[in-house]
Amino acid sequence: MCAVGKPGVPNNFSAKYLGWEGNFSVGPGHQTRPKFPIQFLAGTLASPDRRPMGKGRPLPATTASPSGCRFGSDAPIPEAPVFRPTEEEFADPLAYVARIRPVAERYGICRIVPPPSWSPPKALDVAALSFPTKRQPIHRLLARPAPADPDTFLLDYARFLKAYRGPPGRGRKKGLPKSPATLPDGRPLDLCRLFHAVKRFGGYNGACKGRRWDDVVRLVDDRARRHVPECAKHVLAQLYHEHFYAYEKFTNKPVSSQDGKQEESGKVDLDDQPSVSGLKDEGRSQSVSGGEMDAAEVSGIRSQKRRDAINKKAIGMASHSNSNGSTGKNAASAGPWKWKRRKVDDAEANKVDDQVCEQCDSGLHGDAMLLCDRCDKGWHLYCLSPPLEIVPPGNWYCSDCMNSDSDCFGFVERRKTCLLDAFQRFDEKVKRRWFGQRRPSRVQVEKQFWEIVEGRAGELEVMYGSDMDTSVYGSGFPRLGDPVPPSVDLEMWQKYCSSPWNLNNFPNLPSSVLRTVQDKIAGVMVPWLYIGMLFSSFCWHVEDHCFYSINYLHWGEPKCWYGVPGAEANAFELVMRNTLPDLFDAQPDLLFHLVTMLNPSVLQVNGVPVYSVMQEPGNFVITFPRSYHGGFNLGLNCAEAVNFAPADWLPHGGIGAELYRMYRKAPVLSHEELLYVVAKNGVSSESLSYLKGEIERLFLKEKKCREELWTNGTVKSSLMPARSNPNYIGSEEDPMCVICRQYLYLSAVSCNCRPSSYVCLESWVI
């Protein structure tokens, strides 16, 4: 086993940091028991007419979920600032962004109106453009059930029924309905969807107190009417209370894993239940007495995976010690397990040895292996996304078994490409359906959008031509090498080809740290083109690596944006998780998928500042690092967007890299390599403090990890392969950590048994 890395760690940080010398050594095969890591503008500030934003049809302000999130507000969404640079200020984009940043960054988003002289020629013949589109079911951006596999749910529920022993007589838990439960029109009711729908609104008690049973009905019945009958709500609530309330209480019961014992008794308290709010027959709501579960059986269910992991470790270590002996950390950890080893036949030993992690393809660290209770596949706790620190209580199911493929939500790309003429006809059809022949105001469009998103106005599926590579489909800005339209003056064409506000030039501006990136990364180094229609949406998200982004609206109807300051990113995520617990339980990395919208009034009423922008044609919109943003189109339009990164982005880039590591997501580029190359090429004095601070942080982390390697006996090393072109990023491919999927630039750990596989120091040591 050996570690490979950049030349050895220096004793202290200095200007020679990037010129490390020497190396370090790491020793024979050695396993470690894994642990788990995890700022004044000279331009004019405009204040357009105020108007209510993001209102839709908010829920009552007094409604609250058990987690503390309140729904709905009467307060309007305030607008983000609008900047109007002078001709002189407009000459240098990144310098202007740096000037407005102390004001604009507090909003997370802003709009820039160029000077009157800015008038780039139309470079894209959209009439002849054939472009791909994605289908967007707007009514499911929020009001959709969590992806869940019914068979896995029923398996877990059946195990609960088998272990639960209620006293005979009235109030005993009834289990599944004797006859299949059906919807009012006779269609079968999906019990798995029902359970997760109620879970979103805080369980049975939360759905009752918040009067959310009409929303539950809409989640379980795709054909539910806008106004749900009282009897339908009552019947569904009563069915849930009879058959799933005890199971809900059981799954929410806190369990202590210390010594494998349960802190609380097995009593499932079902008394003192509230009636179903909003139902006329409230007095008939029944309460069901709970039975008592045998504590040993509960403990057995909750600790099954723990016992499996212990047996796996005992067998695995016995097998390993017989063949290779134990060294390093394993030598210390093997001792206490000797008395627990048991004899196994050859067939059983081979079966255990075959159990490997589905992520890293390794069978090591059996004590940290978690087996799915349905498919029996295994994952290391630290290989999960996000990683787990302890074996979870009760039955555990992998994401493949928990999530039904048919219910996993996403924007499906249509097989056939679309011409603008056909796209426009579809846009007009959608507009006539929702607004007739009248021309709606922007407030009316916005209100209708949120009613559809919240599932209160019927179903709607639209198309969106999004994330189109301009190197393939063409750019709306002039580019050298593109044919010059006959109607455009050649001198004007060349002027805008070299304009710094041309988004094709933005990532490579002199003050951009991305100018050293050679790869033509779509969206980062190459702009993306967007052709939108009425209600087509870009859901809540942050940019890759927490980059800045700039969006230019070439022509068409406005775009409505919402933004949250980067400093409030954690608060935003907390409200999202508390509001949609079922979706996040099924997909912990939900916000990476850009498929979920939440009314900004919900964020506002829960204390998260949110601001709005109405982007007009010819305007730029800038989002700042770590700023969550989303929005929708008010009609047919064409926009273009790209990322950029001045030096003040560097600390945010480090945060973005850690997020990729935590969620096991492959990054767009190597943050370590970017820092090294930027430092090697030199930076301005204004940028030096940002670069120095980020390199110091990276140095300290690398130094700590290498020292832990040395302490644990890993003392043999070799240099990473030399770069043929070290002044640019992307000219050569870095290896990737098999656990966290991050690029390995400074150092890596490899093993003689798998020389082609590498692990980062953090995943190996920590």
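## Basis

The model is predicted: local features need pLDDT of at least 70 and side-chain atom pairs count only at pLDDT 80 or more, while totals for chains, interfaces and linings use all residues. Residues are numbered from 1 along each chain as its sequence is written, and side-chain values use heavy atoms, with hydrogens and water left out.

## Helix α16

Helix α16 spans residues 569-579, and its buried residues are Ala 569, Phe 572, Glu 573, Val 575, Met 576 and Thr 579. Buried means under 20% relative accessible area, with a 1.4 Å probe and protein chains only. Helices (H or I, at least four residues) and strands (E, at least two) are DSSP runs, numbered from the N terminus.

The buried residues of α16 pack against α3 (191-200), β13 (537-541), β15 (559-564), α17 (581-586), α18 (600-605) and β18 (628-633). Contact here means heavy atoms within 4.5 Å.

## Aromatic contacts

Rings of Phe, Tyr and Trp (its six-membered ring) pair if their centres lie within 6.5 Å; planes under 30 degrees apart count as stacked, over 60 as edge-to-face and the rest as tilted. The count by this rule is 35 aromatic pairs. One of them is the stacked pair of Phe 572 and Tyr 628, at 4.3 Å centre to centre with 20° between the planes. This pair links helix α16 to strand β18 across 56 residues. Phe 572 is buried at 0% relative accessibility, and Tyr 628 is buried at 5%.

The charged end of Lys 665 sits over the ring of Phe 592, 5.8 Å from its centre. The criterion is NZ of Lys or CZ of Arg within 6 Å of the ring centre and within 35 degrees of the ring normal.

Strand β16 (residues 611-615) has 5 of its 5 residues buried, so it is largely enclosed by the rest of the structure. Tyr 611, Val 613 and Gln 615 are on one side, and Ser 612 and Met 614 on the other.

β15 and β16 run antiparallel and are joined by 5 bridges; pairing requires at least two DSSP bridges. Lys 559 stands opposite Gln 615 in β16.

## Pro 565

Pro 565 lies in the loop between β15 and α16 and is buried, with a relative accessible area of 5%. Its C-alpha atom is 5.0 Å from that of Tyr 107, 458 residues apart along the chain. Beyond four places away in sequence, Pro 565 touches residues including Glu 105, Tyr 107, Pro 609, Tyr 611 and Arg 626.

Conventions
Buried < 20%, exposed > 50% of the residue type's maximum accessible area, 1.4 Å probe, protein only.
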